[in-house]
Amino acid sequence: MGVARTPTGNTAVDTLVARLADLDHLAADGHTEVYEDVHRGLRDALTALDSPPGPRPPETGSQGHPARPHDHRS
């Protein structure tokens, strides 16, 4: 399509955006797969920005014991 892409400085994002150039060589019925792949990758990259680095600490309840997910009993 000849659309210019400006690098973002994030290698993972730039790689995904560069994949859009594949559309120039694919029939229209192949575009959906590329769009979905790029969208999924960009969504994952954004989600990773909200995650703190390193392993997550175990969740604890009010008594210092491991919390049970969705356990709303008193």
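His-31 is found in helix H2, which covers residues 31-50; helices here are DSSP runs of H or I with at least four residues, strands are runs of E with at least two, and both are numbered from the N terminus. Please keep in mind that this is a predicted model, in which local features need pLDDT of at least 70 and side-chain atom pairs count only at pLDDT 80 or more, while totals for chains, interfaces and linings use all residues. Residues are numbered from 1 along each chain as its sequence is written, and side-chain values use heavy atoms, with hydrogens and water left out.

**His-31 and its surroundings**

A polar atom of the His-31 side chain lies 3.4 Å from the backbone oxygen of Leu-23. Setting aside residues up to four places away in sequence, His-31 touches Leu-23 and Leu-26, contact meaning heavy atoms within 4.5 Å.

The chain has two helices and zero strands. H2 has 20 residues and reaches 29 Å from its first C-alpha to its last, close to the 28 Å expected at 1.5 Å a residue; the expected span is 1.5 Å times one less than the number of residues.

Which residues of H2 are buried? They are His-31, Val-34, Val-38 and Gly-41, where buried means under 20% relative accessible area, exposed over 50%, and partly exposed in between (1.4 Å probe, protein chains only). Seen down the axis of H2, its buried residues fall within an arc of 110 degrees, so they line one face of the helix; the arc is that of the directions from the helix axis to the C-beta atoms. Glu-33 and Asp-50, on the other side of H2, are exposed. The buried residues of H2 pack against helix H1 (11-18).

Val-34 counts as buried at 2% relative accessibility. The C-alpha atoms of Val-34 and Asp-22 are separated by 7.8 Å, with the two residues twelve apart along the chain.

Val-38 is buried at 5% relative accessibility. With residues up to four places away in sequence left out, Val-38 touches Leu-16, Arg-19 and Leu-20. From C-alpha to C-alpha, Val-38 and Leu-16 are 5.5 Å apart in space, although 22 residues apart in sequence.

Gly-41 is also buried, with a relative accessible area of 19%. Val-13 and Gly-41 are 28 residues apart in sequence and 7.8 Å apart in space, C-alpha to C-alpha.

**The salt bridges**

How many salt bridges does a search of the whole structure find? It finds three, a salt bridge being a side-chain nitrogen of Lys or Arg within 4 Å of a carboxyl oxygen of Asp or Glu.

| Salt bridge | N to O distance |
|---|---|
| Asp-22 and Arg-19 | 3.4 Å |
| Asp-37 and Arg-19 | 2.3 Å |
| Arg-40 and Asp-37 | 4.0 Å |

Arg-40 and Asp-37 both lie in helix H2, three residues apart, which is about one turn of the helix. Salt bridges that share partners join Arg-19, Asp-22, Asp-37 and Arg-40 into one network.

Are these partners buried, exposed or in between? Asp-22 is partly exposed, with a relative accessible area of 34%, and Arg-19 is partly exposed at 25%. Asp-37 counts as partly exposed at 27% relative accessibility, as does Arg-40 at 41%.

**The chain as a whole**

Of the 74 residues of the chain, 11% count as buried. The chain exposes about 6600 Å², with carbon and sulfur atoms supplying 57% of it; accessible areas come from the Shrake-Rupley method with a 1.4 Å probe, and for residues, only the protein chains shown count as cover.

Conventions
A polar contact is a pair of N or O atoms within 3.5 Å; within protein, one must be able to donate a hydrogen and the other to accept it, and residues adjacent in sequence count only if both atoms are side-chain atoms.
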